[in-house]
Amino acid sequence: MTRRHGYALLSAIVTVIVALSAAIYIGAAADDGDRRGTLTATRQAPPGSAAPASVGAWVGTWSASPSGAEPGTGRNGMAGRSVRNVVHTDVGGTSARITLSNLYGRQPLTVTHASIALATAGGPAAAPGTMRRLTFGGAVSVVVPVGRQTVSDAVRIAVPPDADVLVTTYSPTPSGPVTYHMHARQISYVAQGDRTEDTSGVPYPGQSPSWRYLTALDVLSDQAVGTVVALGDSITDGITSTTNADHRWTDVLAERLRGAAGSGDVPRYSVVNQGISGNRVLADGGLGRPADNPSALSRFDRDVLDRTNVRAVVVDLGVNDILRDPGHADPDRITAGLRTLVRRAHAHGLKVVGATLMPFEGHRGYRADRERVRQAVNAQIRSGTVYDAVVDFDQALRDPYDPRRLRSDYDSGDHLHPSDRGFARMAEVFDLTSLRGAVPAQL
């Protein structure tokens, strides 16, 4: 072979390699269907859709766990009404998509119209110029099967960080029990008829303290590269936080992460809240199939692993296993359950930060033997044998003169749940750098 022919052959080989690399890169960039997410997401739009053609990471900016079937909706669901959920974002983005759930429905959920818009301050009205129609596989309507969920197509909309967003759905036919998140600490709205794209908010006189059908809002963002999931009970749910004020400890944690993102060892992560009031590690909190208020062990895949682009998990669970056990709760069983959650997270490459259990003397469920169980669980958590890292909420919020009680200004008044100031304190003592780092080979 002559030198000239050799150069020609080498040039041809390089050309083929470059072409194959480009094809692989484009294919990877176009695939954002993985709920764990990809760092580059350029999605092909179906005809007529407003899907994005930009570069960024799909992350969760808001979510809520389905907590059960809404009482009183077993026959007709929300048939003939528009449901306008108001949700609060963490990070912003250039495009958005939603997840709708019919987990607790007994009939298919037919949604014939859905929209997303930015909210004006304090109500159901949409900010001018922000209303967008949502589609599902390019179609305006979608049928969500019993026990399933569906993700919308992405739509171009400039979603700011730390803002309220309106997500509205209309269902013309009965679907059985409504899948909802009971304690939203955020007022949402209801209207008669299809008022999905109404921007004035006038047709929405009905108010709701719960989120219905909607379980996630994702954004295509350059402000975060991954999502942190907070898995917890009513303390994480923020049940005693001020309504419409976004004072849950996870809201304050999200604010801290946004402010420090990328500085030092602080990761650029968003935060989503998967707290359910009354939740336990080991046992379901209700009846039915699926059970209302499913245990952390049974909902871990749904509420953690299926969230978008998850990088780390924060677990604050165990107190209800103590309070709701009619006899004497076993601290070793509780910590064994927590370790199981950690192993499942590690199997998916997720780091786990765990919280100590805060004091509750003065609460109606307090007993001396239950306090001993709490102390035993906390001793194991602090020993480093349960989680990858620990945030000591107990030490941060307890009364220094009576460590079995919450400090009075951190107590909401029921001696179990924090006040707004207590929630803020929880986020303030959280070491943001603990969210970064590789999963250990063996805990």
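Guide: A crossing is called right-handed if the near helix is turned clockwise from the far one by less than a right angle, and left-handed if it is turned anticlockwise. The model discussed here is a predicted one.

Visitor: What is the mean pLDDT of the protein chain?
Guide: In this predicted model, 87% of the residues of the chain reach a pLDDT of 70 or more. Over residues 1–49, however, pLDDT stays under 50, and the model has 56 contacts beyond four places in sequence for that stretch. For the protein chain, the mean pLDDT is 89.

Visitor: Are α3 and α9 parallel, perpendicular or oblique to each other?
Guide: The axes of α3 and helix α9 (residues 420–428) come within 8 Å and cross at roughly 40 degrees. The crossing of α3 past α9 is right-handed. Angles under 35 degrees count as roughly parallel and those from 65 to 115 as roughly perpendicular. The two helices, α3 and α9, are therefore oblique.

Visitor: How many nonpolar residues does the contact of α3 with α9 have?
Guide: From α3, the residues W249, V252, L253 and R256 meet F423, A424, M426, A427 and E428 of α9. By class, this contact of α3 with α9 has no polar residues and two charged ones, and its nonpolar residues number seven.

Visitor: Which residues of α7 does α6 meet?
Guide: Helix α6 (residues 331–346) and helix α7 (residues 368–382) have axes that come within 9 Å and cross at roughly 40 degrees. These helices, α6 and α7, are therefore oblique to each other, and α6 passes α7 in a right-handed crossing. On the α6 side the contact involves P331, D332, I334, T335, L338 and R339; on the α7 side it involves V373, A376, V377, Q380 and I381.

Visitor: How many polar residues does the contact of α6 with α7 have?
Guide: The residues on the α6 side include T335, and those on the α7 side include Q380. The contact of α6 with α7 has seven nonpolar and two charged residues, and its polar residues number two.

Visitor: Is D246 buried or exposed?
Guide: D246 is found in the loop between α2 (234–237) and α3 (249–260). Phi of D246 is positive, near 55 degrees, in a residue other than glycine. Its relative accessibility is 14%, and the cut-off for burial is under 20%. D246 therefore counts as buried.

Visitor: What is the relative accessible area of D162?
Guide: D162 lies in the loop between β10 (155–159) and β11 (164–171). Although D162 is not a glycine, its phi is positive, about 55 degrees. D162 is partly exposed, with a relative accessible area of 47%.

Methods:
Residues are numbered from 1 along each chain as its sequence is written. This is a predicted model: local features need pLDDT of at least 70, side-chain atom pairs count only at pLDDT 80 or more; totals for chains, interfaces and linings use all residues. Side-chain values use heavy atoms; hydrogens and water are left out. Axes are lines fitted to C-alpha atoms, for helices over the stretch in contact, and angles run from 0 to 180 degrees between N-to-C directions. Helices (H or I, at least four residues) and strands (E, at least two) are DSSP runs, numbered from the N terminus. Angles under 35 degrees count as roughly parallel, over 145 as roughly antiparallel, 65 to 115 as roughly perpendicular and the rest as oblique. Contact means heavy atoms within 4.5 Å. Ala, Val, Leu, Ile, Met, Phe, Trp, Tyr, Cys and Pro count as nonpolar, Asp, Glu, Lys and Arg as charged, and the others, Gly among them, as polar. Buried means under 20% relative accessible area, exposed over 50%, partly exposed in between (1.4 Å probe, protein chains only). pLDDT is the predictor's confidence in each residue, from 0 to 100.
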